[in-house]
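Student: Hi, could you walk me through this structure? I'd like to hop between topics as we go.

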Amino acid sequence: MLHYSFCKPRGLIEALQVLSEYGGRARIAAGCSNLLPDLKARHLQDCLLVDISELEGLRGIQAEGNWATVGSLTTIAELGGSPLLREGAPLLWQACQSFGDPLVRNRATLGGNLGHASPAADTAPPLLAMETSVLAESLSGGRREFPIAELFAGPGRTNLRPGELILSLRFPLFERKKVAFVKFGLRNAMAISLASAALSLRMEDGLMQDVKLAYGSLAATPFRAFRTEECLTGMPCNEETLVRASTEAQGEVRPITDIRASSSYRRLLAGALLRQAARAALS
Ligand SMILES: Cc1cc2nc3c(=O)[nH]c(=O)nc-3n(C[C@H](O)[C@H](O)[C@H](O)COP(=O)(O)OP(=O)(O)OC[C@H]3O[C@@H](n4cnc5c(N)ncnc54)[C@H](O)[C@@H]3O)c2cc1C
């Protein structure tokens, strides 16, 4: 028997009130593609599911000038089907194409992918590389905006404050950069990433500039690989540079061994995915 209660607030304020009142017992439920497996596996017990799926204000993609605001309830299918993101935020758009399968993409939300705080969350590396900011709100603390790098605390843990809900994500559009998201799993579809990488850069006079590189599944949280970025910046994108940067990346990641892969294998993947991403971005 699964033990949980359920409520469906009619508006944002009501949702924040319930989250505040029930504290640690309350769990935000969006698409439930993580929550239901967790409930079935008994990782979650005796909780109150706060179903936010009908809070329409949290849904949708809005563009204002060269900035996009994406509501946390926006599904991966909506992101992956958006012509605006395909053109203006191709790194995030690419990550949504290989995410789960169509059934999962129709349920899974962006807020849920980040709120679950898996090191393997596929939208996290692109959003990190795009220097996204998170807008969150709680009843007691009000609204606050912070860089997405500050969201992740560890596997399954965020730095969200008690009762806080992610409202939306904000990132720049049309940066006209060369980008690639690459992911490696045990099979091509429906696989948790053993490692993923999001790379964006600009070529100026044959040299790489403004390089952003973020990894998934290669540390306790998704993260920006600043040392490797430095190694690439100002360099031509040739074999010598990529081999040197791969070595740096292998030293910078902090992977674990689990049932899917050993840490040493994942370390090698850091370099391999970097080379693959650089070639894909520049092709
Ligand atoms: C078969 C299958 C395949 C999958 N494939 C992939 C894949 O390829 N890539 C990938 O990254 N993931 C994958 N997942 C994981 C999952 O689908 C995603 O993490 C999804 O985005 C979660 O969104 P959700 O709306 O279903 O979240 P939910 O299950 O509703 O919630 C997940 C967590 O986030 C919290 N949360 C939800 N919304 C908010 C919010 N607005 N603010 C704060 N916290 C919030 C919840 O409280 C919960 O802790 C897969 C899952 C399944 C079952």
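**A chat about the model**

Tutor: Helices (H or I, at least four residues) and strands (E, at least two) are DSSP runs numbered from the N terminus. This is a predicted model, in which local features need pLDDT of at least 70 and side-chain atom pairs count only at pLDDT 80 or more, while totals for chains, interfaces and linings use all residues. Residues are numbered from 1 along each chain as its sequence is written.

Student: Why does Arg-227 count as partly exposed?

Tutor: Because it has 13 C-beta neighbours inside 10 Å. A residue is buried if 20 or more other C-beta atoms lie within 10 Å of its own, exposed if 12 or fewer, and partly exposed in between, with C-beta atoms placed from the backbone.

Student: Leaving aside neighbours within four places in sequence, what is Arg-227 in contact with?

Tutor: Glu-248 and Glu-252. Contact here means that the C-beta atoms of two residues, placed from the backbone, lie within 7 Å.

Student: Now Val-243, buried or exposed?

Tutor: Val-243 counts as exposed because it has 11 C-beta neighbours inside 10 Å. Val-243 lies in helix H10, and its C-alpha atom is separated by 9.4 Å from that of Ala-272, 29 residues apart along the chain.

Student: Let's turn to helix H11. What span should its 20 residues have?

Tutor: At 1.5 Å a residue, helix H11 (residues 263-282) should span 28 Å, and its end C-alpha atoms are 29 Å apart, which agrees. The expected span is 1.5 Å times one less than the number of residues in the helix.

Student: Which residues of H11 are buried, and what covers them?

Tutor: The buried ones are Arg-266, Leu-269, Ala-270, Gly-271, Leu-273, Leu-274, Ala-277, Ala-278 and Ala-281. Their cover includes strands E11 (178-184), E12 (195-204) and E13 (207-216), along with H9 and helix H10 (239-252).

Student: Switching topic, what does the domain assignment give?

Tutor: Domain 1 (4-51), domain 2 (59-172) and domain 3 (178-282). Those bounds come from an automatic or database domain assignment. The C-alpha centres of domain 1 and domain 2 lie 19 Å apart, and their contact takes twelve residues from domain 1 and 17 residues from domain 2.

Student: Which element gives the largest share of the domain 1 side?

Tutor: Helix H1 (residues 12-22), with five residues. By class, that side of domain 1 has six nonpolar, six polar and no charged residues. Ala, Val, Leu, Ile, Met, Phe, Trp, Tyr, Cys and Pro count as nonpolar, Asp, Glu, Lys and Arg as charged, and the others, Gly among them, as polar.

Student: And where does the ligand lie?

Tutor: Between domain 1 and domain 2, because both give residues to the shell around the ligand. The shell has 27 residues, and the closest are Gly-31, Gly-111, Gly-112, Asn-113 and Gly-115.

Student: Last one, how many helices and strands does the protein chain have?

Tutor: Eleven helices and 14 strands. Buried residues make up 44% of the 283 residues in the chain.

Conventions: A residue is near a molecule or strand if its C-beta atom, placed from the backbone, lies within 6 Å of it.
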